[in-house]
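Visitor: Please show me the model, and then I will ask about it.

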Amino acid sequence: MEKSNKSMNNSRKYAAKGPNQRLRQRTAILILLILIMGFGAAILRLSYLTLVQGKSLQESAVDQQLADTTISAKRGSIYDKNGKVLAESASVWQVVMAPVNFENDEQRKAVAEGLSEILDLEYEDVYEKTQQKSYYVIVKRKVEAEAREKILKFIDKLSEDYDCDGVINLLDDYKRYYPQNDLASCVIGFTGSDDQGLEGVEYQYDKYLAGTPGRIITAHNARGTDMPFQYEQNVDSEDGNNIYLTIDSTVQSICEKYMKQGIIENNVLNRGVCIAMDVNTGAILAMVTVDGYNLNDPYTLSAKDKQKISSQPKDKRAEAESAALSAMWRNKAITDTYMPGSVFKMCTASMALEEGVVDDTTRFYCSGSMKIADAKPIHCHNTAGHNSQSFVRAICNSCNPAFIQIGQLVGKDKFYQYYQGFGFSDKTGIDLPGEAEDTFWKDGKMNDVDFAVASFGQNFSITPIQMITASAAVANGGYVLQPYVVSKITDSKGNVVKSVEKKVKRQVISKETSDKMNEILAYNTATAGTTAGYVAGYKVAGKTGTSEKIGSKVQSSFSEDYIASFCGYAPADDPQIAMLVFFDTPSGDAYYGSQVSAPVFINIMTEVLPYLEIKAEYTENELEYVDSSAGDYVGLTVSEAKQAAESDGFTTTVKGEGDKVISQIPSVSSKIQTGGNIVLYTDDTSKSETIIVPNLVGYTPSEVNSVASAYGLNVSFMGATNAQGISTNQGISEGTSVSPGTVITVSFASSTTIND
């Protein structure tokens, strides 16, 4: 009974305590679960933030705590081969404001008003910048020296009138300048607003030229404001490297001068190209695309282009302007392809000689045309035909039927192998951007008609740089070289970082074949004269070219559009320099290479060869038209001056009643023909005499000399001064009043034409 009562009591106790205990247990479990879930989520979140987002959060924290201001690096200079500056970065300045230093709104308004006036900025824009809480706010970059001086005076005025110090600062900056303006523009290129290279060498070698910008790193305080200067760290900028080109600015300027003249005289519609190359190294001495553009103002189009754009509908003008700028900047020498025409015959002839399928005794027949398969007859420029002719005469005659036969002797497969060997199937690898590829029959698979026209340079396209490279190989012993425009790169201290040497890709023909081609092409020039690139005093090897632009017809005056070209090198017996002259769509009185391009080649080479100190050897007939330099006869007695001038090879005319020479015409070092007349003035009264310039166009060199002498004038002869030459242009217009003895430059071109 007693046990029973105890059991009942325990049951009652358990019954009384059970629900509370279970509740407490459940609560404890729930709290434990909540804690586990809460801490687990926190741990997971912390792990995610640390492991996944840690790096980006760290960078954001640094960005919030630090301000980073870039200090411009000085971009390296570009020089020609002789060290003449073609591009340089001159010092300009950044105007930087520290608006956190303003004490009142009066100061802000004064600064905004002054800076906006000096820097030609909007007042509201500058005033808005004064509201920022920062030590570094850029107001304007690329500020020139004149504006800088005004800023410095304005800073002094702020200090005196407004007790406002440390608000405006000037930081070093740089601006790109091109001292020669448009010289070699398509080679050099230009930079953008952030000094990054956009075209030409500036783009191709940007990583060398750019340098490494410096930095000013400034800490922020808790309110997000820049902390004072003692909390900043400066990292100095590193200047860019300097580039030395293979371009010779004198050769370049000579080429540009005569190319511009050729564009005007022949009404060329689609620009022109001239490339001068050292045949033994591949170095480019000059590369011209006419017309170029002003590197200091590369976004300004010509009046002609602006007129074309304004004639477009308004919604098309932006696109037209972009296209016009791209065309203006394009380096046609490497980015455009063309059909080489008869210039390519020097390559076909080289193939045949190298393969041994022709020699001096091999003959070819031309009836005036040649029929291949079922196609229309392929005509020779001489429709009456050349009849039987030797291999050498076929080259001199530029006979298409003969070259079809020469190509057939070589064979299609060998022809394509040589085409590749001369480098036409690959880019040359020149160190300029935008080089184009050739267009040829895929894998060299030509039908009989394709092969026939390919033999004389038609129906396939190459770049001008490929053609000049191949011609150099013909000249230099058969070595295909990689052309280049940069010779070396130096750091800011003058240490050489990179030096470029010549690179031989392969030998495509033997030296024996090369020597034979030099002999043949020199004979071509000697017999054809000025139509084939004759230059007085020099042996020149050359070939004209006239190619039809298939599928193209613009507003030229001829039934078809043409490309007139001439490619040659000199001296033929020791080749040094090769040159290609190329005019796209001449629309004047002629379109043949012999009429359009050869005279320009002659004018350029007449100046360039002596400049390069390549010795001339004149015949007696040539000496009559060779220029000499006038001596200095001022200050001498009349008798002394006459004796000195005559010993220099000149005649003299004395003007005035004095005993001593007080001035002379032509002046010292002026270029005049040998035997020209020096006018010696002995008093001021005699200087007033003038002569009316006669017409000197349309005459032979000897006739021009006679007319000029009769009028008491001197002549400087340019171009085709042999028996075939006829004057085409005079430097001083007919009817102009000039002093006796004045030198008039007269240009000559051939009176005959090779229709190739």
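Visitor: What share of the residues of the chain count as buried?
Guide: This is a predicted model, and the chain has 756 residues. A residue counts as buried under 20% relative accessible area. The share of the chain that counts as buried is 49%.

Visitor: How many helices and strands does the secondary structure come to?
Guide: Among contacts between residues at least 6 apart in sequence, 73% join residues at least 24 apart. The secondary structure of the chain comes to 24 helices and 31 strands.

Visitor: Is Asp194, which forms a salt bridge with Arg141, buried or exposed?
Guide: The closest N and O atoms of Arg141 and Asp194 are 3.6 Å apart. Arg141 is in strand S4, while Asp194 is in the loop between helix H6 and helix H7, 53 residues apart. Arg141 is partly exposed at 30% relative accessibility. Asp194 has a relative accessible area of 54%, and over 50% counts as exposed, so Asp194 is exposed.

Visitor: By about how many helical turns are Lys511 and Asp515 separated?
Guide: Lys511 and Asp515 form a salt bridge, with the closest N and O atoms 2.9 Å apart. Both residues belong to helix H19 (residues 511–528). Because they are four residues apart in this helix, the separation is about one helical turn.

Visitor: Which residues form a negative surface patch?
Guide: One of them, Asp120, lies in the loop between helix H3 (105–119) and helix H4 (123–129). Asp120 is exposed, with a relative accessible area of 69%. The negative patch is formed by Asp120, Glu122, Glu124, Asp125 and Glu128.

Notes. Residues are numbered from 1 along each chain as its sequence is written. This is a predicted model: local features need pLDDT of at least 70, side-chain atom pairs count only at pLDDT 80 or more; totals for chains, interfaces and linings use all residues. Side-chain values use heavy atoms; hydrogens and water are left out. Patches are made of residues with over 30% relative accessible area and no salt bridge: like charges are joined within 9 Å, nonpolar side chains (Val, Leu, Ile, Met, Phe, Trp, Tyr) within 5 Å. Accessible areas come from the Shrake-Rupley method with a 1.4 Å probe; for residues, only the protein chains shown count as cover. A salt bridge is a side-chain nitrogen of Lys or Arg within 4 Å of a carboxyl oxygen of Asp or Glu. Lys and Arg count as positive and Asp and Glu as negative; His and the chain ends are not counted. The place of a charge is taken as NZ of Lys, CZ of Arg, CG of Asp or CD of Glu. Helices (H or I, at least four residues) and strands (E, at least two) are DSSP runs, numbered from the N terminus. Buried means under 20% relative accessible area, exposed over 50%, partly exposed in between (1.4 Å probe, protein chains only). Contact means heavy atoms within 4.5 Å.
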